[in-house]
Every structure is written in C-alpha cells, then in structure tokens.
Amino acid sequence: MTNWLPDISSGTGPVYIRVADAIENAITHGVLPPGTKLPPQRNLAYDIGVTIGTVSRAYALVHERGLVAGEVGRGTYVLERSNGKQIELVDPITQALAGTRGLNTPDAKIRFDTTAAPDIGQGAIIGKLFADISSEHQTEISSYSRNFPASWFEAGQIWLARNGWQPAIETIVPTLGAHAAAIAVISAVTSPGDKIVFENLTYTQISRAARLLGRRSILVDSDEHGMIPEDFERLCQQQHPRLAFLMPTAHNPTLVTMPEARRRAIAAIARRHSVWLIEDDLYGGMTGDQNPLMAAIAPERTFVVSSLSKSVTAGVRGGWVACPPHFAQRIKVTHKMTTGGLPFILAETCARLVLGGHALELRRKSVEEIKAREQLAREALSGFEFNSHPHLPFLWLKLPEPWLSGTFKNAALSEGVLIDDEDEFKAARIDRVYHRVRVAFSSPPQRKDVAAGFMTLRRLLENGSSGYDSHI
C-alpha cells in the first residue's frame, strides 16, 4: 500500500474532482505505477482533511476513467494501460454536467441505472412500422419535417389524456421525447438568469440542461406527499421564480404521488405568483393513479410532458407536450431550435404505435413484466426498507449502517451492478443526506438477470461491515 497523498491545494472545482485529477496525474507520471494499492478511503479522507464521501466520489471517478479497479476485501489498485492506449481526460465542467454517472457505460454489467421500457417484443412491431413507413413515405424520409400530419397531434392527444382530462388538439406539440419537450418549454417561457424551482430530489437531466441555457435552479423542500406548499410559497415570495418543474405522479426517484389537495395548493400558489408549471407525467399512465393532473387544475399555466420511453420504447425518442392556450406554436418553434427538428420516421412511427393500438398493448405488457420484477425485488430485499410500486420500474432503497450512498454505488459497481446514488438526483448542493440509492430494474434482458442483480445487492447490504472498508 502506498503512502502517497494527493495535493489538492491548487486547482478549481469540487474537491472530489481535484482528488481524482491528482490520482490520475500521479498514475500518468508513474508516481502510482500499475499494481499500486491506493490508500483506504477512510485513511485518505483523514490524512487530507476531507469527508469520506468526497474520497468515495473521487475513487468512483477514477474507476469510471478506467484507471483503477476495486475488489471487496482487497482494496483499490492501479490498472495497467493496455496497448499503449491513452486515458481520456474528463474536465470538471464535463463531469459536472454528466452528474454521477460515468460518461461511458461499462461492459458486462447488470444495468440497474436506467428505467427504459423492458424488452417485451416491441422490436418486431417497430421494425415492421419502419419498413412500412420507408416504403410509403420515401420523399418525406429523405427531407426535413416541415408539415406535421394531423395524426401526430391526434396520437399525442390520446397518449397524454388521463383521468377524464384530455388536451385540446391545438395545444399538442410532438417532440423528441419528454426531455426535449421540457427543454423547449424552458427555452420558450424563461430567459437567461430566470429562476426555476426544482424539488430537492428530481430528474436532474432537466436541471443540468437548464443551467446550460443560463437558467438558475432553486430548491423547494418535499415530504412524503411531494412538494411542500409553504416552502413553495416562500420561494415565490422571496426569489420570484419564473417556472417550476414537478412530477406529481410517481416522482423520480422517491415514487411519491402528490394527493389532490396538495396539487390544488401548489396550483393556487403558482397562479398567485404567475409561475409556469411543467408537469412531468412520464409514469402517470402506468400507475393507475386517479388524482387529477395539474393541467386539469391549472390549465392556463401547466405544460404536460410525456413520452413512450418508459413503457413502450425509449429508442424511438417520441413524446408530446400539451400547452396552455396559445402556446403551442411557440413551443413548436423552440423545440425545433433546441433539437434541430423532428425526424419524420420517428414521429410517424410513434403516431402509428399509438393510433394503431400497439402502444397501449405494449404498455400493458411492460407493466406486467415490471410487476413480476418488482415482486422479485420484494422477495430478494425482504427485511430492508425501500419504496416501490408494482407498476414502476425502480425502487428507492434505504441503506443500513454503515453504508453511504456513493460508497454503496461503488461497491455494487465492483460486484457488476450499476445503480444510481442519491447525488444523481440532487438538482443543486444541499445539506440533507438520505442514505438511499435508486435501483432500476427494467433493462436487464431476462428476469434471471434481475434476480441475480437483486441478490448481489442483498449480499452487500447484509455484509456492510466487510465490504465497507474496501470502498471508503
């Protein structure tokens, strides 16, 4: 084991990135040759005066860069460089935008870090649709999409409708998924410097993209019922946000569904303070939730976004946004400006999936498969605390002592399982620690792979004291 210590007195950016960069620099210049065992993370944290979590994140980062490998009970070792391949440097800004996930997904791992629709045979259906569209619309496929067929809007109207609410056809905009829809809305109704409200835990791909657009994130507290109205009111009074992004049904990653009374309270506050709302309803149609949509309560200020990604197909990149009155044209233009435009073959495929009844049937089959996998989680993780829903493809797992979220993620990675730590869902720096990880289970191809992944996680949870020291 080496007595080497990193110099983090210079440089800028988060401390964990400076530690990781110092390790990489030492490896590059031979100070830490292949086979060297890095100091235990607990020791290194003490020696350089930082938290264990900081060192854990630094070790995770150099692991993602392909510089080291960790083994439970043995520690972390510097790897050989094969074939003279140079290690790709990752600058701090890129890493900050990427979040806590690696820029490249490691091979031969169980993917518990994505909630894309499970493989339930949609490939054959989509392949046939592609072939039909290619044959019937050769001119449209070879050019840009300038005129959108009515069917694209009709499909969105059907897919977004829920619980007695259906958007008017003239409010629909077809998009390249829910993410692109949300970014188009942010671009259309806010300006650089404007503040956007996000919950403490949220889908941070939106918050990070908003920062790229020059918008500022402010955080609102949540509890077991979702966004807290009193804190939202405080933010509106003191910081005057322009927009709020929320997931009232099946919040990601906590799975919280906001009750109707609270939805009405949030809508009333947004109305008083002229705040626009983006309602992410990606999982709504899978849950059976009967609460009214925010768009039904506050139609004059709510943009509803959803897509086919979680229950039908993620790879086709199809979604829609329903807008308040008179906003559809503006959103259509900003969507084109921010994405480059909507490919004909993708939009037409999504429309045919919905209008032909394929999407609803595939969603039904996806929910059936997810229900079986969620039951595997209940069996494998019995005795441990987690939030789950039988129709949703992820769970929010509470970690027992002594595990930290980032440390458990690293340990799972070493055992061949990719999961997300809680930092992946924090829209900005906060003091609160949840000691949880999100485990998504829709992507492994077979249920046996899912069961194997759950059992790996259980072994780590049960043997925290033995696996912990090699990862902190």
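Which residue does R364 form a salt bridge with, and how far apart are the closest N and O atoms? The partner is E361, and the closest N and O atoms of the two side chains are 2.4 Å apart. A salt bridge here means a side-chain nitrogen of Lys or Arg within 4 Å of a carboxyl oxygen of Asp or Glu. Side chains of opposite charge can pair when their charged atoms come close.

Before we go on, a word about what you are looking at. This is a predicted model, in which local features need pLDDT of at least 70 and side-chain atom pairs count only at pLDDT 80 or more, while totals for chains, interfaces and linings use all residues. Residues are numbered from 1 along each chain as its sequence is written, and side-chain values use heavy atoms, with hydrogens and water left out.

Back to our pair. R364 and E361 both sit in helix α16 (residues 358-380), 3 residues apart, which is about one turn of the helix. Helices (H or I, at least four residues) and strands (E, at least two) are DSSP runs, numbered from the N terminus. R364 counts as partly exposed at 40% relative accessibility, and E361 counts as partly exposed at 33%. For these words, buried means under 20% relative accessible area, exposed means over 50%, and partly exposed is in between (1.4 Å probe, protein chains only).

How many salt bridges does the rule give? The count comes to 27. In one of them, D113 pairs with R111, with the closest N and O atoms 2.6 Å apart. D113 is buried at 10% relative accessibility, whereas R111 is partly exposed at 30%. Another salt bridge joins the side chains of D420 and R438 (3.3 Å, N to O). This pair links distant parts of the chain: D420 belongs to strand β16 (residues 420-421) and R438 to strand β17 (residues 436-440), 18 residues apart. D420 is buried, at 1% relative accessibility, and R438 is buried too, with a relative accessible area of 2%.

Salt bridges can also be joined up. R57, E422, D423 and K426 are linked in a network of them. Keep R57, D423 and K426 in mind, as they return in the next stop on our tour: along with Y16 and R429, they lie nearest the centre of the second largest pocket.

Rolling a probe the size of a water molecule over the atoms shows where empty space is left. The search uses a 1 Å grid over the protein atoms alone: a cavity is a set of points where a 1.4 Å probe fits but cannot get out, and a pocket is an open set with protein on both sides within 12 Å along at least five of seven lines. Lining residues have an atom within 4 Å of a point. The second largest pocket holds about 1100 Å³ of space, where grid points are joined across faces, edges and corners and the volume is the space filled by probe spheres set on the points. Its lining has 32 residues: 9 nonpolar, 13 polar and 10 charged. In this grouping, Ala, Val, Leu, Ile, Met, Phe, Trp, Tyr, Cys and Pro are nonpolar, Asp, Glu, Lys and Arg are charged, and the others, Gly among them, are polar. Several helices supply at least two lining residues each, including α1 (15-28), α3 (52-64) and α17 (405-414).

What about a charged residue with no salt bridge? E199, in strand β5 (residues 195-199), is buried yet has none, and the nearest side chain of opposite charge, R262, is 7.7 Å away. Here Lys and Arg count as positive and Asp and Glu as negative, while His and the chain ends are not counted. The side chain of E199 does make a polar contact with the side chain of S222 (2.9 Å). A polar contact is a pair of N or O atoms within 3.5 Å; within protein, one must be able to donate a hydrogen and the other to accept it, and residues adjacent in sequence count only if both atoms are side-chain atoms.

Finally, let us follow the backbone through some loops. A cis peptide bond joins N252 and P253, with omega about 20°, and P253 lies in the loop between β9 (243-246) and α11 (260-272). The peptide bond from E401 to P402 is also cis, with omega near 5°. H240, although not a glycine, has a positive phi of about 50°, and this residue is exposed at 59% relative accessibility.
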